[in-house]
There are 2 protein chains.
Amino acid sequence: MDLGAIHQTADRVGMIFREFAPDDRSAIDEMLRACGVFTDEEIRVALEIVDAWSPFEQDEDYAIFVLEGDGRVQGYVCFSKTPLTTSTWHLYWICVHPEYQGTGAGRALMHQVEAVIRSRGGERLALETSGQPRFDRTRRFYRSAGFREVGRIKDFYKTGDDCLTFCKELDER
Amino acid sequence: MDLGAIHQTADRVGMIFREFAPDDRSAIDEMLRACGVFTDEEIRVALEIVDAWSPFEQDEDYAIFVLEGDGRVQGYVCFSKTPLTTSTWHLYWICVHPEYQGTGAGRALMHQVEAVIRSRGGERLALETSGQPRFDRTRRFYRSAGFREVGRIKDFYKTGDDCLTFCKELDER
């Protein structure tokens, strides 16, 4: 795609939202571990997707973008268009390094993701997350960003760990 | 895996439930079209998975099985273990040729799928389907097979075409 449209500044002064580059891999690895909420298996799967990265050209490609500021990668996101839908997208991973949580980095990332998806005709963004207490803050973040819970599968990840589906209609500003 | 465990007879006399073989491809192609409920895009994606088939060895592989009787393939299913879960599986496709709908072929397929999943320690089976009228019969089939609606995303596939998530706990006989 036209990277000119993607190399845009983020909402916050001095922040850059840009497409992933292979040099970002170690920063993503480190932030996933530093977060303390992901299991080893989840980190392995997240990095597998990072390692399989190719430039975001087709909607169905995994799009990986990072938020950069203070000379370092503060957060990253991974999303793609959902196959067999006309205008639904899916957010697979969003992570902000704990040193930057609470600074608005997550909100800036989400805002930029929604802008990319809207620019490609996307109308809604869906995601799954865990119902466990370690993800309380994550779920609050999604709700405050305008996502609504639209589904729940009990014990999905493991006993006592439900899967919650959230969705946001992107015309709801 | 041990194919001896898979080459089992199905519930109905004279029916065989067995792993897919490349020669079944044309029968699957034909039944997907004959059903009249799938779009060209859905059929393309279903056949892409069939064409990428490899023997069911790892839980995370796409498992493709067929139900055979009267010397022909009457139905097929595609399912796999859901990544990042301990015991949740996902049903991607289930299709019975219209000439055999209403004969119990769908129920026999589902029963066998559940047996395979249980034999591998699976505890629940989730699936997504459309809320459109063309899938009324499909949704009735899932409900009668013990699935419950656990989520719904409005307009997911396209405007007016919701995604419904169903799930069945496999210890509920």
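Entry one, strand pairing in chain A. I looked up how strand 7 (residues 148–158) of chain A sits against strand 8 (residues 161–169) of chain A: the two run antiparallel and are joined by six bridges. This is a predicted model.

Entry two, the contact between the chains. I noted 19 residues from chain A and 19 residues from chain B in the contact. On the chain B side, at least two residues each come from helix 2 (40–51), strand 7 (148–158) and strand 8 (161–169). Strand 7 of chain B gives the most, with eight residues. I sorted the residues on the side of chain B that touches chain A by type: nine are nonpolar, five polar and five charged.

I located E68(B) in strand 3 (residues 63–69) of chain B. Is E68(B) partly exposed or buried, and why? I put E68(B) down as partly exposed because it has 19 C-beta neighbours inside 10 Å, whereas buried would take 20 or more. Leaving aside neighbours within four places in sequence, I listed M15(B), I16(B), R18(B), V73(B) and Q74(B) as its contacts. I also read off the C-alpha separation of E68(B) and G14(B), which is 8.5 Å for residues 54 apart along the chain.

Terms used. Residues numbered from 1 in each chain as written. Chains lettered and ligands numbered in written order. Predicted model: local features only at pLDDT ≥ 70, side-chain atom pairs only at ≥ 80, totals over all residues. Helix = DSSP H or I, 4+ residues; strand = E, 2+ residues; numbered from the N terminus. Buried ≥ 20, exposed ≤ 12 C-beta atoms within 10 Å, placed from the backbone. Contact = placed C-beta atoms within 7 Å. Nonpolar A, V, L, I, M, F, W, Y, C, P; charged D, E, K, R; others polar. Pairing = 2+ DSSP bridges.
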